[in-house]
Amino acid sequence: MTESLFITLPEIILSLGALALLMIAAFAGDARTRLIGWLAVALLVAALVAALNPGGDAFDGLYRADAFSAFAKALIFGGAAVSVILAPDFFARRGGELRAEYPILIVLSAIGMGMMVSAADLLTLYVGLELQSLAAYVLASFMRRDARSAEAGLKYFVLGALASGILLYGIALLYGFSGTTQFDGLARAFGAGPLSLGLTFGLVFALAGLAFKISAVPFHMWTPDVYEGAPTPVTAFFASAPKVAAMGLLIRLSVEAMGPAYEAWRQIIIFSALASIVLGGVAAIGQTNIKRLLAYSSINNIGFALIGLAAVQPGRPEGVAAVMTYMAIYIVMTIGAFLVVLQMRDAEGNQLETIASLSGMSRTSPALAAAMMLFMFSLAGIPPLLGFWSKFVVFDAAVAAGLWPLAAIGIAFSVIGAYYYLKIVKTMYFDEPAPAFAPMTNRIEGALILAGAAAISPLGYLLIPSLGLASMTAAKALF
């Protein structure tokens with residue numbers, strides 16, 4: 001038991017810390033919200049450090065701490081910490097709607113995400129997923145007096161409940177036809193002979209439930225509305241850490257539990273990848289709200305990441321390594337873009353979200369426009385920015401696995417999808433200037449924007465050897 005507790009130390013740190021923060025919030029109230037926020041960041045950093053020392057299986061195989069979970073948790077806890085840092089100034093400008101519960105909800109969600117990427121059993125999978133989701137539903141509707149935020153929370157809750165039901169039905173089928181909930185046992189059941197109808201349906205329902213969590217087509221319908229209605233720091237959170245957690249869970253379930261049936265689930269992944277790339281690229285073209293555009297961008301990028309998962313073959317970790325590399329670079333690009341969106345404020349400090357408000361920003365806020373240009377070009381995969389490398393590695397993995405038609409289609413639609421990213425740049429640099437944004441007052445946000453822009457610039461290529469080694473080490477842990 002002591003060894004299991006040590007192995008699950010990241011989640012224990014966050015759990016005990018969240019309880020302590022709840023007590024501080026109960027006695028000190030919202031007056032100590034900023035203090036609670038920084039304590040939450042410290043907890044997330046401590047959990048990240050603890051996660052970097054994986055210790056194997058815990059609690060009789062329910063939980064698995066390995067190099068893969070360590071890599072994913074580093075991204076998850078880092079993204080969650082940034083989401084806590086972004087919140088105070090945003091809510092202060094909204095009339096002081098930030099409450100002490102906000103950073104605590106982020107921490108609770110991080111506990112669920114940590115369990116998701118360390119799940120080695122269907123029960124752990126579901127508990128972690130629901131813990132993350134329940135906190136996310138509240139975060140989406142955090143601005144109670146804002147109708148859009150309340151609507152976003154309600155839509156997310158209703159559709160999330162539907163997806164959870166689908167996933168739970170798939171789990172029930174997998175258990176019923178295999179006799180076990182552990183991933184190792186499921187792998188033996190899938191490799192025992194011809195795939196039974198029951199296991200096939202369980203596989204399909206389980207993948208459908210997880211597709212909702214990563215906003216993959218055809219389970220993407222919640223994403224634009226929730227991204228637009230939720231508070232912008234919450235949207236930045238949704239677009240980063242939970243995406244990594246859900247993708248990590250999908251990879252672990254596919255490789256460790258369903259690995260012998262890879263020919264069956266690969267067809268589903270290929271369809272979802274192509275559909276996400278096409279819809280994310282085409283549907284974003286007509287958007288006028290920057291947060292909705294970034295929602296379709298996230299759908300589009302998840303499609304590219306799924307190309308790497310489709311390239312997974314028995315004993316070959318290159319596809320998984322490509323996905324983890326992609327997600328690491330994606331989280332930096334996306335958070336960076338949302339950091340710039342947070343600076344879109346009029347002279348009175350009101351948040352602006354229309355693409356038209358970016359008009360002529362290169363003349364009114366040249367440094368901010370340059371950062372946004374870098375993030376947009378990188379998301380589009382235009383060399384020499386680091387976003388190009390993320391797309392290259394997944395296409396290379398697909399070609400190596402013999403899926404060159406999938407890679408060719410992905411490359412074609414990445415060119416088409418680049419249109420709406422270039423439209424943002426055109427608006428900033430060639431349109432007549434709109435009223436200037438209020439000057440940036442938060443130095444921490446400015447430093448994060450600068451760090452993100454530097455990371456995805458050509459300087460980021462210096463990190464490729466280390467990132468490639470870390471992602472390959474993480475991928476090999478699953479094989």
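I took buried as under 20% relative accessible area, exposed as over 50%, and partly exposed as in between (1.4 Å probe, protein chains only). This is a predicted model: local features need pLDDT of at least 70, side-chain atom pairs count only at pLDDT 80 or more, and totals for chains, interfaces and linings use all residues. Residues are numbered from 1 along each chain as its sequence is written, and side-chain values use heavy atoms, with hydrogens and water left out.

**Salt bridges**

I searched the whole structure and found 16 salt bridges (a side-chain nitrogen of Lys or Arg within 4 Å of a carboxyl oxygen of Asp or Glu). I looked up Arg64 and found it bridged to Glu256, with the closest N and O atoms 2.8 Å apart. Arg64 sits in strand S2 and Glu256 in helix H12, so the pair ties together parts 192 residues apart in sequence (helices, H or I, are DSSP runs of at least four residues, strands, E, of at least two, numbered from the N terminus). Arg64 is buried at 10% relative accessibility. Glu256 is also buried, at 10%.

Next I checked Arg292, which bridges to Asp225 at 2.9 Å between the closest N and O atoms. Arg292 is buried at 18%, whereas Asp225 is partly exposed at 28%. Both belong to a salt-bridge network that also links Arg148, Glu151, Lys155, Glu228, Lys291 and Glu353.

**Helix pair**

I then turned to H17 (residues 366-380) and H19 (residues 404-430), whose axes come within 9 Å and cross at roughly 170° (axes are lines fitted to C-alpha atoms over the stretch in contact, with angles from 0 to 180 degrees between N-to-C directions). The two helices are therefore roughly antiparallel (over 145 degrees; under 35 is roughly parallel, 65 to 115 roughly perpendicular, the rest oblique).
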